[in-house]
Amino acid sequence: MKAIVYERYGLPEVLEMREVEIPVLGDRDVLIRLEAASVNRSDWEGLIGKPLYARMKGLRRPRRPILGSDVAGRVEEVGSAVDSFRPGDEVFGDVMHHGGSAFAEYVRVPETAPIVHKPATVTFAEASTLPQAALIALQGTLGRIEPGDQVLVNGAGGGAGAFAVQMAKADGAEVTGVDNGLKQEFMRSLGADHVLDYTRTDYTKTDTGYDLILDLVCERSMFAIRRAVAPGGHYAAVGGTTRALLSAATVGRLLSTGGRRIGVLMVRPNKEDLLRVADMVVAGTLHTNIERTYPLDGVPEALRHLGEGCALGKLVVEIA
Ligand SMILES: NC(=O)c1ccc[n+]([C@@H]2O[C@H](COP(=O)([O-])OP(=O)(O)OC[C@H]3O[C@@H](n4cnc5c(N)ncnc54)[C@H](OP(=O)(O)O)[C@@H]3O)[C@@H](O)[C@H]2O)c1
């Protein structure tokens, strides 16, 4: 099969298209022929090897030679002990923690991986945008918002942020989106009531107390962040520098006073949440915002577009 492979951390030039073996199926495995894969910040981080946590599976050189986590495609073959999928089924999900990689023609995952049937009215490209980004947004907002709450999404113009703004609005919040100057109109189009350009305004100095801050690019001090959290409010760091995330997990806990909860959100990919976000797309309450699509050999260009800070919402690789 064709796959986009890399052997050392670096810029997109280190990626190349190669012929590699199609994974061999075990009794409990499913082989998926990919139609689409979406690009996430985590792929960029895995490519350049930064922040440090991106090297967890290979300190000096990448041990997983094919990047990509979010897939949508058709089941090609199933192992003899598989009973929830059949060849021809249309599926989507997150393969990263199950030995799989997305920027290839086929992927093999165990039946128990967070892979589910794709609703017929959702395209493969749309479905591929959901696994990582929409689950971050869902688990970052679900059960944490009351109507009228002030919610701030830091990194609202990116993949997870674009979903989080929509979900917070659907829950009745007044939403502030923070991202770079190029993404202000895009955040408004998602429903953000207020938008801030992070290159000009520090949201921790705006005198607003937020009931929920979902931080996709944590980099500020926890003391500054605490000032921006309303009493009883919640701050969840999702991505960012290793130092800031460690600080959120440790200093954040110490600063969790006055009913405030400050910490890190560890997202758990699972089948139930995948079905839940797919249902929102079917119902028309969640839009996938695909900015551009690329062919498989366009993965380096897609990653460069994301890494240069230009991507609005999601980028998708169409493989079939
Ligand atoms: N905690 C978990 O369990 C978990 C699970 C999966 C993924 N993650 C992490 O989640 C993070 C977010 O993913 P994503 O796919 O949504 O990323 P993304 O699509 O790149 O979106 C991030 C957005 O934040 C913007 N941004 C950059 N610096 C900023 C700043 N200082 N202030 C405000 N906005 C800023 C980016 O704009 P520019 O274009 O200007 O850079 C971009 O629009 C990644 O770091 C990923 O590793 C965490």
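**Reading strands and salt bridges**

Biologist: In which sense do strand 8 and strand 9 pair?

Modeller: Strand 8 (residues 150–154) and strand 9 (residues 174–179) run in the parallel sense, joined over five bridges. Keep in mind that this is a predicted model.

Biologist: What is the strand order in the open sheet?

Modeller: Read across the sheet and you get 10-9-8-11-12-13, six strands with parallel pairing. Strand 10 (194–197) and strand 13 (261–264) are the edges, since each of them pairs on one side only. From one strand to the next, the twist averages 15°.

Biologist: Which strands does helix 4 lie across?

Modeller: Helix 4 (residues 159–170) lies across strand 8, strand 9 and strand 11 (210–215). Its direction is at about 170° to strand 8.

Biologist: Okay, salt bridges next. How many are there?

Modeller: You look for a side-chain nitrogen of Lys or Arg within 4 Å of a carboxyl oxygen of Asp or Glu. That gives twelve salt bridges here. One of them links D197 and R200, with the closest N and O atoms 3.6 Å apart.

Biologist: Is D197 buried or exposed?

Modeller: Buried means under 20% relative accessible area. D197 has 11%, so D197 is buried. R200 is at 72%, so R200 counts as exposed.

Biologist: And R292 with E291?

Modeller: Their side chains meet in a salt bridge at 3.3 Å, N to O. R292 is partly exposed at 37%, and E291 is partly exposed too, at 26%. Elsewhere, salt bridges that share partners join E35, R74, E90 and K118 into one network.

Terms used
Residues numbered from 1 in each chain as written. Predicted model: local features only at pLDDT ≥ 70, side-chain atom pairs only at ≥ 80, totals over all residues. Heavy atoms only, no water. Pairing = 2+ DSSP bridges. Helix = DSSP H or I, 4+ residues; strand = E, 2+ residues; numbered from the N terminus. Axes fitted to C-alpha atoms, helices over the stretch in contact; angles between N-to-C directions. Contact = heavy atoms within 4.5 Å. Buried < 20%, exposed > 50% of the residue type's maximum accessible area, 1.4 Å probe, protein only.
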